[in-house]
Amino acid sequence: MVYGQILRQPDDCFMNVNVGGYRQRMDQTVLKRFPQTRLGRLMCCSSKEAILELCDDFSPSDMEYYFDRSPSFFSYVLNFYLTGKIHLVDGLCVISFFQEIEYWGIKERHLDLCCSNRFLELMEHAWTGLDQTSEDQQLSSLGSSVEELSALEDDFEVFEGSWCANVRRNIWLQLENPGFSTTAKVLAVVSMSVVIVSIVAMCLNSMPEFNQVDSDEKPIENPVLAFFENLCVLFFSAEFVLRLAVAPSAKKFLLSPLNLIDLLSIIPFYVTLICDKMNPEDNADLENVGKVVQILRLMRVFRILKLARHSAGLRSLGATLRHSSREMGQLVLFLSMGVSLFSSLIYFVEKESEESELQTIPIGWWWATISMTTVGYGDTFPVTVAGRLIGTLCILCGLLIVAMPITNIFNKFFKFHQRQKRLELEQNKN
């Protein structure tokens, strides 16, 4: 015997429901037609605790179930129990409507034909709007143009009362804001040109045509390229020291990502000079100095990132990657699952073929990776019919997997780029 039958009044064919002050006696035979709804489940409760899990209050003396919900919407619920169909409520937000029918245990399939298509359209539009609002809030939380301009104005206030405040402020604006004046634009063009020259010199230095050897047949740097290299580093060093000297806050300046990139592009040159002055034959601990020098010279590639200081697109790309960790994580997860699956499949169908190079699963990892990312070097490939079918499926899955997160990443990049351009326009106006 259930709890509702223990404390029954004589008229036990009805259930007393109170929704926000609106009282209604409901026929239990009607409720039994929908046992999965909230009121239908109430009839099967065997204890007061179970009843209170489904309603907000219960009066055993009156056998009345109280619900703290909208009484106006409950009239539509009553109509549902009588007709088996529910209709949209005019003037009610579609999300609120969805929350109400979810509370009462009414499924979307119970929507009448006249309302089902409209409900789906409104829900799609509502969730799209919520996603757009969420992304806008996320972007605004990362810093708006107004906030960055305010921070810029705060930096200017730091100059007040410091030594050579006007001169430092003027130099700082010339170096940091290319739109401040014609001189600032010229400095920006010169700085970017020096970066490009340094990158070109680094690339040419790797070509055999420009390699030279000394009298001992040891490779040395090309004198012309070395001259341009030294000239560029001196320019970078002078620019960095000057910007550090006139910066409103040295600590904030050194913690900036772009300034850290500038520092990393300079340090290897000076450390290499120190290492070159050391003689490995004089000290056994320095026998690996040559390898250290090569690694430090490789760090000159950081100069490529210096272009981000003069490109709104590169800064937007960096901000997009920095704030797309969820999408990037999903991409890596999907690719990892696909690589693991297809590398195992290709191994089992190709291992019996002597012509195939896919004889181990690790080799299958490499094949699956370049296939799913549509690179396809052609160094390893399936030779059996089953292997080629798996390869085709691998490529198709790779296209879908890579394409899914890319859309969100592109949308973020577009928003960051628009925000960066707007910030530059506002700075130029000021």
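Which residues of α11 are buried? They are Leu 225, Ala 226, Glu 229, Cys 232, Val 233, Phe 236, Ser 237, Glu 239, Phe 240, Arg 243 and Val 246. Buried means under 20% relative accessible area (1.4 Å probe, protein chains only). This is a predicted model, where local features need pLDDT of at least 70 and side-chain atom pairs count only at pLDDT 80 or more. Residues are numbered from 1 along each chain, and side-chain values use heavy atoms, without hydrogens and water.

**Helix α11**
- Helix α11 covers residues 223–246, which is 24 residues.
- Helices are DSSP runs (H or I, at least four residues), numbered from the N terminus.
- At 1.5 Å a residue, α11 should span 34 Å. The expected span is 1.5 Å times one less than the number of residues.
- The end C-alpha atoms of α11 are 35 Å apart, which agrees.

**α9 against α11**
- The axes of α9 (residues 165–176) and α11 come within 9 Å and cross at roughly 135 degrees. Axes are lines fitted to C-alpha atoms over the stretch in contact, and angles run from 0 to 180 degrees between N-to-C directions.
- The two helices are therefore oblique to each other. Oblique covers what is left after under 35 degrees (roughly parallel), over 145 (roughly antiparallel) and 65 to 115 (roughly perpendicular).
- From α9, Arg 168, Ile 171, Trp 172, Leu 175 and Glu 176 make the contact (heavy atoms within 4.5 Å). From α11 come Leu 242, Arg 243, Ala 245 and Val 246.

**Glu 100**
- Glu 100 sits in helix α6 (residues 94–103).
- Glu 100 counts as buried because its relative accessibility is 13%.
- Leaving out residues up to four places away in sequence, Glu 100 touches Arg 69 and Phe 73.

Technical notes: Buried < 20%, exposed > 50% of the residue type's maximum accessible area, 1.4 Å probe, protein only.
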